[in-house]
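This briefing looks at one model by topic, moving from a strand-helix-strand unit to a loop residue and then to charged side-chain pairs. Please read it alongside the sequence and the coordinates.

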Amino acid sequence: MTRTAVVVGASSGIGRALAHELAADGYEVGLAARRLSRLESLGADLPTTSYVARMDLSDPDDARERMDRLADAMGGVDLVVVSAGVGFENRALEWEAERDTVDVNVRGFVALATWSMAHFEARGHGHLVGISSVAEFFGNPVAPAYNASKAFVSRYLDGLRSRASAGDAEVTVTDVIPGFVDTEMAMGKTFWMASPEAAAAQIRDAIRAERSRVYVTRRWRLVALLLRLLPESVTRRAFD
């Protein structure tokens, strides 16, 4: 049977590269993001059937309705990847930047994660993939809401994974934890920066293996371990 996937945040970066990987694996792919023209261009390049939907996670109720329509058009969805997110340097701690980060990265994410779980439980199977970040392991005075939002995503996925293990449906929940990836959200070039294509290939492998958690690239697992062990006073100095 044909497998179907929706990639939210498919217009650029990891989401766009992952759409190519999933289509190469034979998935029919639903492409969702704010920039419709980019989605239409991407869909024309994919080797399998694609569907496009304009979606803005800052309006979570509308995003859920659009997911309903997209799933109906696709005949149901087997895999949902929530790759959309925002992040801002906000040294001045301006309210608008913090609000927008929470609206998209927390409220928007939960809106689609709960939609996905309900959809999969009704179908009896499915796979939810969320994109968090190694940023979740430390507080960031430059972008406090971003790091906190990624910690929320990981813990929320942990909860959904526990829910899935206790349920009757066969639902996999994968937490993707990237380090630095060369996307529009990256704040300049830095060390160990992976291309979106390299990141997407590792995420594809994690989806195939139905992994619970994957660091992208793999070396960031060591960084995450170090960040857990270091006292806050040490990590704080990195931003002095």
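The points below concern a predicted model and are grouped by topic.

**The β-α-β unit**

- Strand β2 (residues 28-33) and strand β3 (residues 50-54) run parallel and are joined by 5 bridges, with Val 29 standing opposite Ser 50 in β3.
- Together with helix α2 (residues 36-45), β2 and β3 make a β-α-β unit that is right-handed.

- Leu 39, Leu 42 and Gly 43 are buried in α2, and, seen down the axis of α2, its buried residues fall within an arc of 100°, so they line one face of the helix.
- These buried residues of α2 pack against α1 (13-24), β2 and β3, whereas the face of α2 turned away from its buried side carries the exposed residues Ser 37, Ala 44 and Asp 45.

**Ala 84 in its loop**

- Ala 84 is placed in the loop between β4 (79-82) and α4 (95-123), and its relative accessibility of 24% means that Ala 84 counts as partly exposed.
- Although Ala 84 and Gly 9 are 75 residues apart along the chain, their C-alpha atoms are separated by 4.1 Å.
- If neighbours within four places in sequence are left aside, Ala 84 is in contact with Val 8, Gly 9 and Leu 57.

**Salt bridges**

- The count of salt bridges comes to 13, among them the one that Arg 204 forms with Glu 21, where the closest N and O atoms are 2.6 Å apart.
- That pair links distant parts of the chain, since Arg 204 lies in helix α6 (residues 196-208) and Glu 21 in helix α1, 183 residues apart.
- Both partners are buried, Arg 204 with a relative accessible area of 17% and Glu 21 at 18% relative accessibility.
- Arg 163 and Glu 121 meet through their side chains in a salt bridge (2.8 Å, N to O), and this pair links helix α5 (residues 144-166), which holds Arg 163, to helix α4, which holds Glu 121, 42 residues apart.
- Asp 158, at 21% relative accessibility, counts as partly exposed, and Arg 213 counts as partly exposed at 29%.

Key. Residues are numbered from 1 along each chain as its sequence is written. This is a predicted model: local features need pLDDT of at least 70, side-chain atom pairs count only at pLDDT 80 or more; totals for chains, interfaces and linings use all residues. Side-chain values use heavy atoms; hydrogens and water are left out. Two strands pair if DSSP finds at least two bridges between them. Helices (H or I, at least four residues) and strands (E, at least two) are DSSP runs, numbered from the N terminus. A crossover is right-handed if, with the strands pointing away from the viewer, the path from the first strand over the helix to the second runs clockwise. Buried means under 20% relative accessible area, exposed over 50%, partly exposed in between (1.4 Å probe, protein chains only). The arc is that of the directions from the helix axis to the C-beta atoms. Contact means heavy atoms within 4.5 Å. A salt bridge is a side-chain nitrogen of Lys or Arg within 4 Å of a carboxyl oxygen of Asp or Glu.
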